[in-house]
Amino acid sequence: LKPSGFGRGWLAPRRQQRAAMAPIWEVIGGADKGGILVRTGQALTSAAEKDRLSTGATVEEVELVEGRLRYRLLEGTGPKEGWVSVKISGKDLLAPKGETSMEKSTASSAAGSGLALGMEDLAAVVGPGAGYRLRLAVNSDDWDPVGGADGAEFQYLLSLIHEEADRQKVMKYKQPEDKKRALLSRLLMRAASASALKMTNFRGLTIKRTKGQKPFLASPLPPKEEAPNWNVNVSHDGAWVVCASEPICIVGIDVADMRRVDKRGNAIDNFHKTFKAQLTEREWKLVESVGDSLDDQYEVFSRLWSAKEAFVKARGDGLGFDLGGAEFPSWTPLPEFPKNSAYEGGIVVKGTEAPLWRFVQHKMPGDKPHWTTVSRGPVDDIVDANGEFKATLRDPGAERSSERWNAALTEPCPAFHVVPVAALVPQDDMDGYIRVGGARWP
């Protein structure tokens with residue numbers, strides 16, 4: 001997609017005074033990514049450094065500004081100085097060592113290797129220590145349960161869904177692949193909810209749907225002071241079933257298979273005519289700007305379609321929103337991710353820019369091309385005829401504070417953790433899953 005400038009201003013918050021004897025911090029997060037992201041400035045929209053700050057590194061605090069740490073590297077690898085987030089989505093990235101710059105750092109080589117931290121980080125991907133902002137993905141092609149949907153493993157996982165109506169919907173699908181995706185999406189919904197609540201089983205969770213069929217956690221709810229508007233969304237297409245959750249913004253997610261074939265394997269050639277009204281004139285120009293290849297054009301078309309779906313799914317419109325009224329004129333590459341693998345964009349709704357929304361697209365791994373779009377937006381835009389979903393959002397006016405909303409909206413949108421099916425099984429039910437042939441995780 002054609003890149004263009006995209007960014008948001010940053011309102012300078014109150015600064016904490018640096019102590020005469022500067023605190024020492026240790027990097028405890030990012031073991032699965034080779035360290036944590038460093039930016040050149042305090043703002044989350046500032047340029048990202050090429051190298052990451054290694055897990056196990058120790059740094060001296062230069063300045064601490066409401067969760068953003070300006071540091072000077074003492075031991076470890078990575079940029080010598082810069083800005084990092086102390087915590088993301090309830091997960092600590094750095095922890096105080098209790099030492100001053102006058103004391104010698106004693107970080108061990110084992111901590112520097114990140115081996116032990118890597119195991120802890122793996123366990124924190126989903127479960128009681130995972131935090132409130134999750135990005136999870138399961139490749140359904142990699143899961144082939146013995147006996148299919150009627151086998152012991154599939155039926156055990158189905159039994160973890162306590163709502164009978166949801167279990168019945170899963171089994172109503174005719175095709176085995178559709179049954180798998182339907183089950184995995186429901187398990188992801190519950191796994192994310194249990195993670196946010198620090199629960200080790202799904203018992204006691206109440207999952208409901210709005211009139212527009214948007215699923216949501218009705219009760220219990222995460223702590224108001226930490227995640228007042230916690231909500232979650234799921235999507236599936238092709239090989240992938242994905243999930244995203246947010247503590248303050250409303251969230252929508254859509255994954256799209258980029259292959260230009262239908263379910264029967266027939267080429268999709270007439271998408272320009274069939275979906276002419278769903279894209280704007282400017283968007284069709286983006287589609288055509290990649291050249292004459294229908295495969296390339298279809299990929300751009302599908303990514304735009306995915307962004308529209310993520311917008312509608314966050315709001316909860318169902319089929320009630322005209323997709324042609326949501327326009328995505330341009331996208332900008334995200335520098336903290338590999339080239340051509342992640343972009344962010346804004347939206348124009350019915351001809352008017354909507355600056356309270358942010359969209360991020362990630363390219364999914366593997367040989368089969370898929371892109372996933374995550375949207376973040378304001379509570380005021382929710383469509384909820386019965387009001388039950390809105391009742392779970394305990395800070396409905398968060399976007400009315402520009403400084404606070406800007407901080408929430410520009411929080412880093414993490415890459416997806418690709419997890420096996422076993423990762424969706426809560427701890428209390430893992431032994432039962434093993435007995436029916438499942439593999440223990442982690």
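A salt bridge is taken here as a side-chain nitrogen of Lys or Arg within 4 Å of a carboxyl oxygen of Asp or Glu, and a search of the whole structure finds 27 of them. The model is a predicted one, in which local features need pLDDT of at least 70 and side-chain atom pairs count only at pLDDT 80 or more, while totals for chains, interfaces and linings use all residues. Residues are numbered from 1 along each chain as its sequence is written, and side-chain values use heavy atoms, with hydrogens and water left out. Helices (H or I, at least four residues) and strands (E, at least two) are DSSP runs, numbered from the N terminus.

**Salt bridges**

- Glu 336 and Arg 39 form a salt bridge in which the closest N and O atoms are 2.8 Å apart.
- This pair links distant parts of the chain, 297 residues apart, since Glu 336 sits in the loop between strand E15 (331-333) and strand E16 (342-345), and Arg 39 in the loop between strand E1 (23-27) and strand E2 (58-65).
- Relative accessible area is computed with a 1.4 Å probe on protein chains only, and a residue is called buried under 20%, exposed over 50% and partly exposed in between.
- Glu 336 counts as buried because its relative accessibility is 14%, and Arg 39 is buried too, with a relative accessible area of 6%.
- Asp 92 forms a salt bridge with Lys 87, with 3.7 Å between the closest N and O atoms; here Asp 92 is partly exposed at 41% relative accessibility, and Lys 87 is partly exposed at 46%.
- A network of salt bridges links Arg 133, Arg 135, Glu 246, Arg 376 and Glu 411.

**Helices H4 and H5**

- Helix H4 (residues 164-172) and helix H5 (residues 176-197) pack at an angle of about 150°, and their axes lie 7 Å apart.
- Axes are lines fitted to C-alpha atoms, for helices over the stretch in contact, and angles run from 0 to 180 degrees between N-to-C directions.
- Angles under 35 degrees count as roughly parallel, over 145 as roughly antiparallel, 65 to 115 as roughly perpendicular and the rest as oblique, and H4 and H5 are therefore roughly antiparallel to each other.
- With contact meaning heavy atoms within 4.5 Å, Asp 166, Lys 169, Val 170 and Met 171 in H4 meet Lys 179, Ala 182, Leu 183, Arg 186 and Arg 190 in H5.

**Charged residues in helix H5**

- Asp 178 is found in helix H5 and forms a salt bridge with Arg 181, the closest N and O atoms being 2.9 Å apart.
- Asp 178 and Arg 181 are separated by about one helical turn, because they are 3 residues apart in helix H5, and both of them are buried.
- Leaving aside neighbours within four places in sequence, Asp 178 is in contact with Tyr 173 and Lys 263.
- Lys 179, also in helix H5, is buried yet has no salt bridge, and the nearest side chain of opposite charge, Asp 150, is 5.5 Å away.
- Not counting residues up to four places away in sequence, Lys 179 touches Ala 149, Phe 154, Val 170, Met 171, Tyr 173 and Lys 174.

**An exposed loop residue**

- Leu 319 has its place in the loop between helix H8 (294-315) and strand E14 (326-327), and Leu 319 is exposed, with a relative accessible area of 89%.
- The C-alpha atoms of Leu 319 and Gln 213 are separated by 9.8 Å, although the two residues are 106 residues apart along the chain.

Notes: Lys, Arg positive; Asp, Glu negative; His and termini not counted.
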